[in-house]
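Here is a friendly walk through one chain, meant to be read with the viewer open. Please keep the sequence at hand as well.

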Amino acid sequence: GKEGHVGFLGTSYNFVDKYNQVGGFDVRYRLDKQTVFWAQALGSVSHQPFFYPDEAGRFDRKEKGLAYAYNLDRSGRNFGWNYSGVGRSRLFRADVGFDRRYNTHNQTLFARYQSNDKPKAKLVSWRVFNNSTFNFDWKYRSQYFQNESQLQLRMQKQTFIGFGVEEGYERVFESEFGPSREGFALANSRNDKLFGFDGPPCLN
């Protein structure tokens with residue numbers, strides 16, 4: 001359509017014994033007057049030190065990774081919603097740029113309703129919305145959840161009143177910070193005194 005496109009993008013980082021190549025495409029398409037869809041998919045090929053939790057060590061290897069993002073947005077006069085997602089595999093890297101948490105998927109759903117203005121009424125307008133976001137890793141283990149709901153009231157003389165509630169939690173896993181239990185067991189198997197122990201040597 002007139003407001004649709006398909007694009008290609010790529011970055012390259014090369015140094016002695018280290019490189020990172022990223023390539024992919026993005027699309028944008030207006031489905032109707034109120035709805036727009038956007039998406040991006042990227043792949044990476046990297047040769048650099050990676051940490052392997054199940055091997056309890058950092059090794060210089062060539063690895064491939066995947067990242068994606070999408071957004072579906074519908075904006076009406078009174079009602080609107082947005083559904084979006086983004087994900088990065090554990091070994092995805094983009095050295096020419098910035099990445100947040102690896103090995104994660106994020107899904108977010110936002111919905112809102114806003115009344116028509118009544119300039120002469122005590123309650124000029126009101127707005128309510130709910131935003132939910134959820135993260136899970138590539139093993140489908142939950143990492144993060146947050147839900148926020150708000151009611152906003154607009155009164156005469158530029159007076160605003162708002163009510164809201166928010167709840168959520170966050171989880172982290174041992175493999176994000178160091179060796180996993182499998183990694184400790186493998187490392188300890190090389191030591192006769194620690195063979196069969198799946199924790200740090202200092203806890204034995």
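## A buried charge

A residue is called buried when its relative accessible area is under 20%, exposed when it is over 50%, and partly exposed in between, with a 1.4 Å probe and protein chains only. For charge, Lys and Arg count as positive and Asp and Glu as negative, while His and the chain ends are not counted. A salt bridge is a side-chain nitrogen of Lys or Arg within 4 Å of a carboxyl oxygen of Asp or Glu.

With those terms in place, turn to Asp 26, which lies in strand β2 (residues 18–30). Asp 26 is buried but takes part in no salt bridge: Arg 28, the nearest side chain of opposite charge, is 9.4 Å away. Which residues does Asp 26 contact, leaving aside its neighbours within four places in sequence? They are His 5, Val 6, Gly 7, Leu 9, Trp 38, Ala 39 and Gln 40, where contact means heavy atoms within 4.5 Å.

## Ground rules

This is a predicted model, in which local features need pLDDT of at least 70 and side-chain atom pairs count only at pLDDT 80 or more, while totals for chains, interfaces and linings use all residues. Residues are numbered from 1 along each chain as its sequence is written, and side-chain values use heavy atoms, with hydrogens and water left out.

## Overall form

The chain has 1 helix and 9 strands, where helices (H or I, at least four residues) and strands (E, at least two) are DSSP runs numbered from the N terminus. Along the sequence the pattern reads β-β-β-β-β-β-β-β-β-α. The radius of gyration, taken over C-alpha atoms, is 24 Å, well over the 17 Å that the globule rule gives for 204 residues, so the chain is more spread out than a compact globule. That rule is 2.2 Å times the number of residues to the power 0.38.

Along the principal axes, the C-alpha atoms fill a box of roughly 85 × 45 × 25 Å. Of the 204 residues, 30% count as buried.

## The sheet

The strands form an open sheet of 9, in the order β1-β2-β3-β4-β5-β6-β7-β8-β9, with antiparallel pairing; two strands pair if DSSP finds at least two bridges between them. At the edges are β1 (5–15) and β9 (159–170), each pairing on one side only.

Strands β3 (residues 35–52) and β4 (residues 57–75) are joined by 18 bridges in the antiparallel sense, and here Leu 42 stands opposite Ala 67 in β4. Further along, 10 bridges link β5 (residues 79–88) to β6 (residues 104–114), with Tyr 83 opposite Leu 109 in β6. Another 10 bridges join β6 to β7 (residues 123–136), where Phe 110 faces Asn 131 in β7.

## Charged pairs

How many salt bridges does a search of the whole structure find? The search finds 5. One of them pairs Asp 32 with Arg 74, whose closest N and O atoms are 3.3 Å apart. Asp 32 sits in the loop between β2 and β3 and Arg 74 in strand β4, so this pair ties together parts 42 residues apart in sequence.

Arg 101 and Glu 176 also meet in a salt bridge (2.8 Å, N to O). Because Arg 101 lies in the loop between β5 and β6 and Glu 176 in the loop between β9 and α1 (181–188), the pair ties together parts 75 residues apart in sequence. Asp 137 bridges to Arg 141 at 2.7 Å between the closest N and O atoms. At 1% relative accessibility, Asp 137 counts as buried, whereas Arg 141, at 29%, counts as partly exposed.
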